[in-house]
Amino acid sequence: MQAFSFVRALGVDRGYLAMSKAFTKETDGADDDELALPPLPAGGKNYITPGGYARLRDELLDLIDNERPKIVDVVHWAASNGDRSENGDYLYGKKRLREIDRRIRFLTKRLEIAEVVDPSQHAGSDQVFFGATVTYLDDEGVERTITIMGIDEADTRESQVSWIAPVARALLKARVGDEVQLPTPGGVRHLEVVEVRYPLPHPT
């Protein structure tokens, strides 16, 4: 699916699709360079949880429906006030508009290739799959807990790691009681899986 057709599929084809070329043509190349996507393993998919997908989709819709139209109005208003080269509102508006358009393109591309996986389908399992919250002991006896998430949603501040992170890839498919090896620059470390948890299915 092409980027614009994806936006149409969301039911939003007004603000973004009608954007003026004058606002984007000067930086299209630079913006595309900054859209380099995090690498996936060969043949890999862009797994994401339902919650993560919903958050990215909501952000995209808010940018298209609310944020972008507001900045477009500011830029139009500022442009009507005379000399653009010394017009702070105009210059800031153009910069912010480029940032918004860059983010819209990024989110559109990521949502197009996303594969939503519901971790609750593994509720009750003691094996590590995508979406699992895993508690493990390292070879120094330190206990850690992480949740394996999608590339676009993992937040290290919440002890979340992407499923392509080395520790996640070492733990995937292991079961409670298994010991896995984690290659690191300082040598191979050994991790013992202590607990595996999944969110419970939502009642239907």
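## Buried or exposed?

A residue is called buried if its relative accessible area is under 20%, exposed if that area is over 50%, and partly exposed in between, using a 1.4 Å probe and protein chains only. Lys173 has 56% relative accessibility, so it counts as exposed. Keep those cut-offs handy, as they come back throughout this report.

## What you're looking at

This is a predicted model, where local features need pLDDT of at least 70, side-chain atom pairs count only at pLDDT 80 or more, and totals for chains, interfaces and linings use all residues. Residues are numbered from 1 along each chain as its sequence is written, and side-chain values use heavy atoms, with hydrogens and water left out.

The chain has 5 helices and 7 strands. Here, helices (H or I, at least four residues) and strands (E, at least two) are DSSP runs, numbered from the N terminus. Going along the sequence, you'd read the pattern α-α-β-α-α-β-β-β-β-α-β-β. Out of the chain's 204 residues, 39% count as buried.

Let's start with α3, which covers residues 50-79 and so has 30 residues, if you go by the DSSP runs. From its first C-alpha to its last, α3 reaches 42 Å, close to the 44 Å expected at 1.5 Å a residue. That expected span is 1.5 Å times one less than the number of residues in the helix.

Where does α3 bend? The spot is Leu63, and the bend there is about 45 degrees. The bend at a residue means the angle between two axes, one fitted to the seven residues ending there and the other to the seven starting there. Leu63 is also one of the buried residues of α3. Others among them are Gly52, Leu56, Leu60, Leu61, Ile64 and Arg68. Further along, Ile71, Val72, Val75 and Ala78 are buried too.

## How α3 meets α4

Two packed helices are described by the angle between their axes and the distance between the axes. For α3 and α4, the axes come within 9 Å and cross at roughly 155 degrees. These axes are lines fitted to C-alpha atoms, for helices over the stretch in contact, and angles run from 0 to 180 degrees between N-to-C directions. That makes α3 and α4 roughly antiparallel to each other. The cut-offs are under 35 degrees for roughly parallel, over 145 for roughly antiparallel, 65 to 115 for roughly perpendicular, and oblique for the rest.

The crossing of α3 past α4 is left-handed, and the residues of this contact divide into 18 nonpolar, 2 polar and 9 charged. In that count, Ala, Val, Leu, Ile, Met, Phe, Trp, Tyr, Cys and Pro are nonpolar, Asp, Glu, Lys and Arg are charged, and the others, Gly among them, are polar. As for left-handed, it means the near helix is turned anticlockwise from the far one by less than a right angle, while clockwise would be right-handed.

Ile113 sits in helix α4 (residues 88-113) and is partly exposed, at a relative accessible area of 39%. In strand β2 you'll find Glu115, partly exposed at 31%.

Ala123 is in the loop between β2 (114-116) and β3 (133-137). Its C-alpha and that of Arg197, 74 residues apart along the chain, are separated by 7.1 Å. Over in helix α5, Ala170 counts as buried at 16% relative accessibility.

## Two positive phi values

Ser159, in the loop between β4 (143-149) and β5 (160-162), has a phi near 60 degrees, a positive value in a residue other than glycine. Lys173, in the loop between α5 (166-171) and β6 (179-184), has a positive phi as well, near 80 degrees.
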